[in-house]
Amino acid sequence: MKKTLFFFILVFLAGSTSFYQAMGSDAYEYVADKADLLLDYEISELNEQISAIIQAHGFDVAIVAIETTDGKSITAYTDDYFDQYGLGLGPDRDGLIFLISMAQRQWHITTHGKCTAIFGGSAIDAIGSSLTPYLSSGDYYSAFETLLERIDSYAFSQPSSFSGGYIEYDESSEERYVGILAVILISLGIALFTVFSMKRQMNTARRQRAAGNFVREGSFNLTRQSDMFVHTHTTRTRKAEAPPSGGGATHTSSGGSRFGGGGGKF
Amino acid sequence: MSVLEYKCPHCGGALVFDSGTQKMLCPFCDSSFDVEALRQHDENLKSLEQENINWDDLEESDWKRGELEDMILFSCSSCGGEIMGDKSTVAKSCPYCGNTAIMTKQVSGVLRPDCIIPFKLDKNAAKKALTGFYNGKPLLPGAFRSQNSIDSITGIYVPFWLFDCDAHAAIQYKATRVHMWSDSKYNYVKTDHYELFREGDISFERVPVDGSAKMDDSYMDAIEPFDYSAAVDFQTAFLSGFVADKYDVDCEQSKPRANDRIKASTEDAFSETVAGYSTCIPQKASISIEDGKIRYALLPVWMLNTKYNGKTYTFAMNGQTGRFIGALPIHWGKFWLYLTGISALLSTLGILVINLMF
């Protein structure tokens, strides 16, 4: 019996965690230094750090430095880059890309999948303010190192980063949470019903409340009946106001993907 | 009666006639009613005030010559239980408490049963039914099946009072119909309130109430029903090989229980005639019992006692239909294992499905 219970628990844990384990990709260069800001060994250092973050948290990370966005807004450019290079891991393409454009002196972080929830607006702002001094002074390597440290610590501080649960902003994350909660409650309800049915079978000696077995067949005869309407009562309640839509927390790219994120100048 | 004397069924205020609508209006709550509906409502209220319970006296049938002398009474000096058997019966122990101090007496001061349903199933059938009863019980301790042993198995004719009657009922219900709709700004709930009335007749045949205080009512209720078409006139010969419990709850004491069961079934039958409402709650019921007849019958029951871990477990089988009932011990470890196991399995499947959906 204990073995069976252990099996159940194992299946339970496996189901709720394994699905969101990282499906690591080796082929991609995580740092694309098209603006020539970093030395080669710095790039490989950063690649290693990013690889560790991907392993630990199960989402994709990329750092891209470019000269110019070619007239596009930095948000659109970053989103398109994410789509174009097929970034993101798992079915929800969980991932984060940091892009810096030297011509505009702007940086932008685009998030997708569970990263949109982990790195909400306040997280992006906090990361940005810790990077800006390094970026302004031209110490790009320190800026990127700080960026990766902050990404790592934010991901660790999210208890649900492994289960794929979303915390804020994304409506589908809320639906998922409600769904999981409902599934657990319904499962518990079915289990309770089943075991109490089993328990009920254990004692079949029950007092009868009525005598339905002993009604003389065909003897029931209704001689008088009336259904009189007495009064009516109508209540009116105001509908709950629809919650404000997103507030710009997420947006959709030209490729149709739904991104989060934010950015700033340096 | 003048129409002006009607009271509002909703708030109790005095109604006034409105010549414009030709209806009775309530100036207090603005309800309006047809005069005919109010007249019927008034009659309904009168019907609800009549309630009679009339049971005829028990028709006693006389013992035939020699019958009482053919029987013997065993009285347990420990629990006071009394059973009867024919002269060949040897009672070694009390079927209720197992005590062996049994006194033998001459039968006297008991009524002659009107009828008896003879045993159709034997001791082996009862033993087989007990084994079958263990099947499909996942919470049964594994050792119970192998370790418990049948302590005693006795075929007992249990005394029952059988109640026949015609019931007349008048029942008033309060019912509602709820409609819900919404527009762009509001949700609406409209509740229509109704007063329902049902009156009619229903007859009952041979509602059994066991006349033995020693027999657990829940056990005797649970082995119902018996097929009364197999009932025959009482003869002491049927007692051969079995014992009969001597009734210690007389028919007077059994009437309240018969009344309760008959009233409950009458209310059930009338409630089924109410349809199309969101809620329906009985307000007042007047149920009269007429032409009530009581008979005394002996009905066949196998009683089995088994022992497990020093505790006695009692089972009963309808000696005619084979319906088997009883209470088994519960393995609480299995209970919690099934609860957590089923919850975990279903949750896992559900979460996997949700993960695929989002």
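Which residues does B:Ala316 touch, not counting residues up to four places away in sequence? B:Ala316 touches B:Tyr219, B:Ile223, B:Val301, B:Trp302, B:Met303, B:Ile325 and B:Gly326, where two residues are in contact if their C-beta atoms, placed from the backbone, lie within 7 Å.

## Basis of the description

This is a predicted model, in which local features need pLDDT of at least 70 and side-chain atom pairs count only at pLDDT 80 or more, while totals for chains, interfaces and linings use all residues. Residues are numbered from 1 along each chain as its sequence is written, and chains are lettered from A and ligands numbered from 1 in the order in which they are written.

## Nonpolar cores

B:Ala316 belongs to the largest nonpolar core, which has 70 residues, and is listed with B:Tyr157, B:Phe163, B:Phe204 and B:Leu299 as touching the most other members. Strand E9 (residues 149-182) of chain B provides the largest share of this core, 13 residues. A second, separate core of 44 residues includes A:Tyr30, A:Ile74, A:Ala117 and A:Leu147.

Such a core is a set of buried Ala, Val, Leu, Ile, Met, Phe, Trp, Tyr and Cys residues joined through C-beta atoms within 7 Å; a residue is buried if 20 or more other C-beta atoms lie within 10 Å of its own, exposed if 12 or fewer, and partly exposed in between.

## Chain A

Chain A has 7 helices and 7 strands, these being DSSP runs numbered from the N terminus, with helices (H or I) of at least four residues and strands (E) of at least two. From the N terminus on, the elements of chain A follow the order α-β-α-β-α-β-β-α-α-α-α-β-β-β. Of the 266 residues in chain A, 33% are buried, and among contacts between residues at least 6 apart in sequence, 67% join residues at least 24 apart.

## Where the chains meet

In the interface, 63 residues of chain A are in contact with 74 residues of chain B. Helix H1 (2-17), helix H7 (171-202) and strand E5 (221-238) of chain A each supply at least two residues of the side that touches chain B, and E5(A) gives the most, with 18 residues.

E5(A) is also joined by 16 bridges to strand E10 (residues 186-210) of chain B, the two running antiparallel; strands pair if DSSP finds at least two bridges between them. Within this pairing, A:Thr237 stands opposite B:Asn187 in E10(B).

## A sheet in chain B

Chain B holds an open sheet of 3 strands in the order E1-E2-E3, with antiparallel pairing. Strand E1 (16-18) and strand E3 (32-33) of chain B stand at the edges with a single partner strand each, so one side of each is left without a neighbour in the sheet.
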